[in-house]
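The entries below follow the order in which I went through them.

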Amino acid sequence: MALQRHHLSLLFIMFSFVACHSTVLLDGGGTFKDFIKQKSTDVMSIRKFGKLGDISSSLKTVNVNDYGARGDGKTDDTQAFKEAWEVACSSGGAVFVVPRKNYLLKPFTFSGPCESDIEVQISGIIEASENLSDYSEDLTHWLVFDSIEKLSVKGGGTIDGNGNIWWQNSCKVNEKLPCKNAPTALTFYKCKDLTVEDLTIKNGQQMQVSFQNSENVQVSDLTVTAPGDSPNTDGIHVTNTQNIQISNSVIGTGDDCISIVSGSKDVLATDIICGPGHGISIGSLGAEGSKDFVSGITVKGAQLSGTTNGLRIKTWQGGSGSASNIQFQNIQMDNVANPIIIDQNYCDQETPCEEQTSAVQIRNVLYQNISGTSASDVGVQFDCSKKFPCQGIVLQNIDLKLEGGGEAKASCNSVELSYRGDVNPLCP
């Protein structure tokens, strides 16, 4: 229910409410202030984790050209990569080298576990096969790093998913076509102590890069791109992954720049440039009645430009679980629609979603130092569940105005909200 303040006497109630909720309890005990202090410590801990990529000086070099790769952009080099990877993975530490050429690959999995540290140096271009029949065994993946510890992938090269042929056949582009899966361009699955840095990932068939069931991950200096109208092309997707830092990256796609979904914990994203795309999203969560959890999410230092959403938490009705202990800090918005939005009635399907009695609980979310311009009249929107209202939502130092001038509005339903510092717009 939206907060109403029609009489002067109610102002006292509002300020009492603000004071009360500034010490809201967290899931594991303690207060929200404790969580903010703890996250500063967590940031330092992640930095101390260090980069894992500086290991090449003592490792065996395995060059794909030595195993028959042509690198002419026309010849299928999948077998050469397979043979080179088997040697690298079975060595007592190796550098897997992709030189400055253009390598054409069918779907391929860099399978682990490996004997020791592995560094993958991609200096050239790895390009996806455009032959759809090559994906008949698995329509959901192109390149996969599976079950590898102490892996570093870097080198300044490019991974090109050649997604155009897939986008043309998407039901979101042509409604007459049936909806089908398309591959994620680059997947890291069950990897531990992983570094991914200094790469360009572009034109993914669907998602660009996904971190799944992994832990202790550092991602930095990535350029992730796809056209703004390409369907479902999330930039960086994080699922069921713990202790991951994403930093100094430029992301512009046809879907979420960063999407964080169930099972993810202790996620830190810093110095992100986002746009075009759908913004930075937690969720969706709770689809088809699922029980989903995310916690300990911090986005600190980001610039969003021209995106269709800004900082978004989205959950389906009918699910359960929680999204908790979340911070969005030091964010600049430029002509962004829905700059701040919590949507607990998310519905991405052709038929209307039926009203449900259960929902994913959203609690303890801080929006701090967020400014810029909104492309939509409503700059702050909290559309929370009537049965499971959003709890412990804090707005601190918010300044959002309409693009082109004028005051943005706020729409707030079923939310326990408090303010700190100067906040504009305020809930009515």
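**Entry 1, Cys347 and Cys353.** I began with the torsion about the S-S bond of Cys347 and Cys353, which is about 90°, so this disulfide is right-handed. The sulfur atoms of Cys347 and Cys353 lie 2.0 Å apart, and I took a disulfide to be a pair of cysteine sulfur atoms within 2.5 Å. For accessibility I used relative accessible area with a 1.4 Å probe and protein chains only, where buried means under 20%, exposed over 50%, and partly exposed in between. Cys347 comes out as partly exposed at 31%, and Cys353 is partly exposed as well, at 28%.

**Note on the model.** This is a predicted model, in which local features need pLDDT of at least 70 and side-chain atom pairs count only at pLDDT 80 or more, while totals for chains, interfaces and linings use all residues. Residues are numbered from 1 along each chain as its sequence is written, and side-chain values use heavy atoms, with hydrogens and water left out.

Cys257 lies in the loop between strand E16 (242–252) and strand E17 (258–260), and Cys274 lies in strand E18 (residues 265–274), so the pair ties together parts that are 17 residues apart in sequence. Strands here are DSSP runs of at least two residues, numbered from the N terminus. Both Cys257 and Cys274 are buried.

The sulfur atoms of Cys171 and Cys179 are 1.9 Å apart in their disulfide, which is right-handed with 100° about the S-S bond. I noted that Cys171 counts as buried at 15% relative accessibility, whereas Cys179 is exposed at 58%.

My search of the whole structure gave six disulfides. Counting bonded cysteines along the chain, I read their pattern as 1-2, 3-4, 5-6, 7-8, 9-10, 11-12. Cys191 is in no disulfide, and the nearest cysteine sulfur, that of Cys114, is 9.3 Å away. Cys191 is buried, with a relative accessible area of 1%.

Which residues touch the most other members of the largest nonpolar core? Of its 96 residues, they are Phe188, Tyr367 and Phe382; such a core is a set of buried Ala, Val, Leu, Ile, Met, Phe, Trp, Tyr and Cys residues joined through side-chain atoms within 4.5 Å. Leaving out residues up to four places away in sequence, I listed the contacts of Phe188 (heavy atoms within 4.5 Å), and among them are Phe145, Leu151, Val153, Leu194 and Phe211.

Note on methods
Helices (H or I, at least four residues) and strands (E, at least two) are DSSP runs, numbered from the N terminus.
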